[in-house]
Amino acid sequence: MLFNIGIEPATNENEAYGIIVPVFNKLGYGCNSAADNEKEIIDQVTDAILLVAKEMMLDGLDLELLNEGATDYSQTYSDFTHWLIVDVNVGELKEKPSALI
């Protein structure tokens, strides 16, 4: 599934890149992350997306609600000056059996 992600660049070497996935906010969930450098952004946001999508699924929501296509969030989230679309396989969440405790 494709996700629009916003990136707030680090302003110096002591700051991390801020990352947001706005579609989750529209559904009452927050999906934010951070990366120490540009190379970590995709891995960090993928992990965050999978964690929040799993919470949604456990709450009984259909993950297809996340499938919104290309949406421009740049005006709403103006602190995030760079935007990317990432492909994350949330379908794998449905395929994994839950562990019994």
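What share of the 101 residues of the protein count as buried? The figure is 35%, where buried means under 20% relative accessible area with a 1.4 Å probe and protein chains only.

## Ground rules

This is a predicted model, so local features need pLDDT of at least 70 and side-chain atom pairs count only at pLDDT 80 or more, while totals for chains, interfaces and linings use all residues. Residues are numbered from 1 along each chain as its sequence is written, and side-chain values use heavy atoms, with hydrogens and water left out.

## Overall layout

Going along the sequence, you get β-β-α-β-α-β-α, with three helices and four strands in the protein (DSSP runs: H or I of at least four residues for helices, E of at least two for strands, numbered from the N terminus). The radius of gyration, taken over C-alpha atoms, is 14 Å, close to the 13 Å from the globule rule for 101 residues, so the protein is as compact as a globular protein of that length. That rule is 2.2 Å times the number of residues to the power 0.38.

## The core

Now for the largest nonpolar core, which has 30 residues. Such a core is a set of buried Ala, Val, Leu, Ile, Met, Phe, Trp, Tyr and Cys residues joined through side-chain atoms within 4.5 Å. Elements giving two or more residues to this core are β1 (2-8), β2 (17-20), α1 (22-26) and α2 (41-58); α2 gives the most, with eight.

V21 is among the residues with the most contacts inside the core. Leaving aside residues up to four places away in sequence, V21 touches F3, N4, I5, C31, V45 and I49 (contact means heavy atoms within 4.5 Å).

Note on methods
Buried means under 20% relative accessible area, exposed over 50%, partly exposed in between (1.4 Å probe, protein chains only).
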